[in-house]
Amino acid sequence: MNRQKQMELLRLLEEDSRQDVEQLAKMLAEPKEEIEKAIAALEEENIIVKYPALINWERVDDHPYVTAMIDVKVTPKRDVGFDEVAKRICRFPEVQAVYLMSGASYDLSVVLEGKTMREVASFVSQKLATIDSVVSTATHFILQRYKHDGIELEDRDEDRRMVVTP
Amino acid sequence: MSTQSTLTAKRRLSSTVASLKPSGIRRFFDLAASMEGVISLGVGEPDFVTPWRMREASISSLERGYTAYTSNAGMLELRVEIQKYLEERFSVSYHPEKEILVTVGASEAIDIALRAILDPGDEVLVVEPCYVSYEPVIRLAGGVPVFLKTTMENQFKLTPQELESHITARTKAIIFCYPNNPTGSTMSAAEWQALLPILEKHDLLVISDEIYGELTYGRMHDSIAALPGMKERTILISGFSKAFAMTGWRLGYVCAEPELLAGMLKIHQYTMLCAPTMAQMAALEALRHGRGDMERMVESYRQRRNYVVDGFRQIGLACHEPEGAFYAFPSIASTGLTAADFAEKLLMEEKVAVVPGDVFGESGHGHIRCSYATSMEQLKKALDRMERFVSKLS
């Protein structure tokens, strides 16, 4: 499969990872086996990492949760820089995302999820702030998610076209 | 209104208008629109909403107060962008000040092109199946349409034989649309080349509707105007509706050599004055920064085309490979039904709306036009329903 097709396949899967191989094969005009091989290779290379669903938990009543973005200032270490502390923070399952930032007055941006604000606060003070190289933290709670990973959570485009047009 | 006054009012219509047939699509629209849960493959426009950058550019122009007329021919900035775009994409070169006119959709461009060139009784060759407006617009301009047929065996391409056999002393021009609505067919440079000697011999003017020019799959669109000697005898028409998903904006353009363009400009300035300013602003943004959006849409059409063409063939409906636009035009001859019966039964029994091919001309008999500009989910359901429908027939 050529590179262009491979990119197309990735874009299709990113849009909807549940499309079956047969459908993908038809859309890309490739034999089914080729698509299977390509997907296996992309998984092997860790280009396709996982196939999660995007869930709007805010619509689930009995699932209280809060998300916070935490600015973390750290002292980088010789040889390993920020990697060591970043990886350490990644290990906590409550941590949803960790990014190394440029241009900010902090170094790592950590996205954290918890059931309550208290739970998040306690994680920050007990687990995060106590890590050796962490100098300071600032916690920002998310009040409302409008768009996530390129997808608007509440707005769906309606088909406003007429039924039959020339 | 009483029958009497209806009759009186009818008599007031010009004989030309009174004799125009209502669009064959209308009846289907009324039927389909009255039903719930219909999956429509009958829509002749993109399923994408205009990309936000164009909408935003237009909103911003309103905020800044760009609400006045533009020059008759359209904003010069826009015409310059059109010139650059046509040169880069299709290797045709038009002067922005003398050879490009911005119109209210390609529809207006078709109208003023025909009105500018036709005298009563002039014949215009119309390659069909084709967009439903060519015939009435020719008649409104006083012309006489003469239809050239195309067939599935020839991938709905115009052949030199068919072209030559319909030319008379009154033939003034030929109009066609490639990539084609409703067949999705395209013409390559070599296929155009084969027609040139005939066009030259009979000194025909070409009206080339290239509204689907960006929507090709596999190879770039070849504009007939790009062939040697053809710019002088071609009126090139295109617009923003299909490539940039901007149908409701009503913005198109027409390009032709200065004398012809000046003629069209006369009609345009007296009847339209100028195309809407806010739409021109959106179009400017489309040409400057909207190519990426367009490429993503084209990629998605191509994938869906591959999927539906394969689907029709599996159902047992012969379908040529449409190389452009967003229509498949499968043959339903194997079912023994006429296109109109097939479409009506399919709508009533399985709630799938398609358009009978003969709405677009004689050559469309035995075919249905299926637009794949709809979501994969809908396409999948539509194919399932059509499979069930066709299997019941056999």
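How far apart do the C-alpha centres of domain 1 of chain B and domain 2 of chain B lie? The separation is 24 Å. The model is predicted. Notes on both chains follow.

1. Domains of chain B. Chain B splits into two parts: domain 1 covers 8-49 + 293-393, and domain 2 covers 52-288. Where the domains of chain B touch, domain 1 puts in 34 residues and domain 2 puts in 35 residues.

2. The domain 1 side of that contact. Two elements of chain B, helix 13 (291-315) and strand 9 (327-328), each provide at least two residues to the side of domain 1 that touches domain 2. Helix 13 of chain B gives the most, with seven residues. Sorted by class, this side of domain 1 of chain B holds 17 nonpolar, ten polar and seven charged residues.

3. Elements of chain A. Chain A has five helices and six strands. Read from the N terminus, the order is α-α-α-β-α-β-β-α-β-β-β.

4. Dimensions of chain A. The radius of gyration of chain A is 21 Å, whereas a compact globule of 166 residues would come near 15 Å. The C-alpha trace of chain A spans about 60 × 45 × 30 Å along its principal axes.

5. Burial and contacts in chain A. Of the 166 residues in chain A, 17% are buried. Take the contacts in chain A between residues at least 6 apart in sequence: 54% of them join residues at least 24 apart.

Note on methods:
Residues are numbered from 1 along each chain as its sequence is written. Chains are lettered from A and ligands numbered from 1 in the order in which they are written. This is a predicted model: local features need pLDDT of at least 70, side-chain atom pairs count only at pLDDT 80 or more; totals for chains, interfaces and linings use all residues. Helices (H or I, at least four residues) and strands (E, at least two) are DSSP runs, numbered from the N terminus. The radius of gyration is taken over C-alpha atoms; the globule rule is 2.2 Å times the number of residues to the power 0.38. A residue is buried if 20 or more other C-beta atoms lie within 10 Å of its own, exposed if 12 or fewer, and partly exposed in between; C-beta atoms are placed from the backbone. Two residues are in contact if their C-beta atoms, placed from the backbone, lie within 7 Å. Domain bounds come from an automatic or database domain assignment. Ala, Val, Leu, Ile, Met, Phe, Trp, Tyr, Cys and Pro count as nonpolar, Asp, Glu, Lys and Arg as charged, and the others, Gly among them, as polar.
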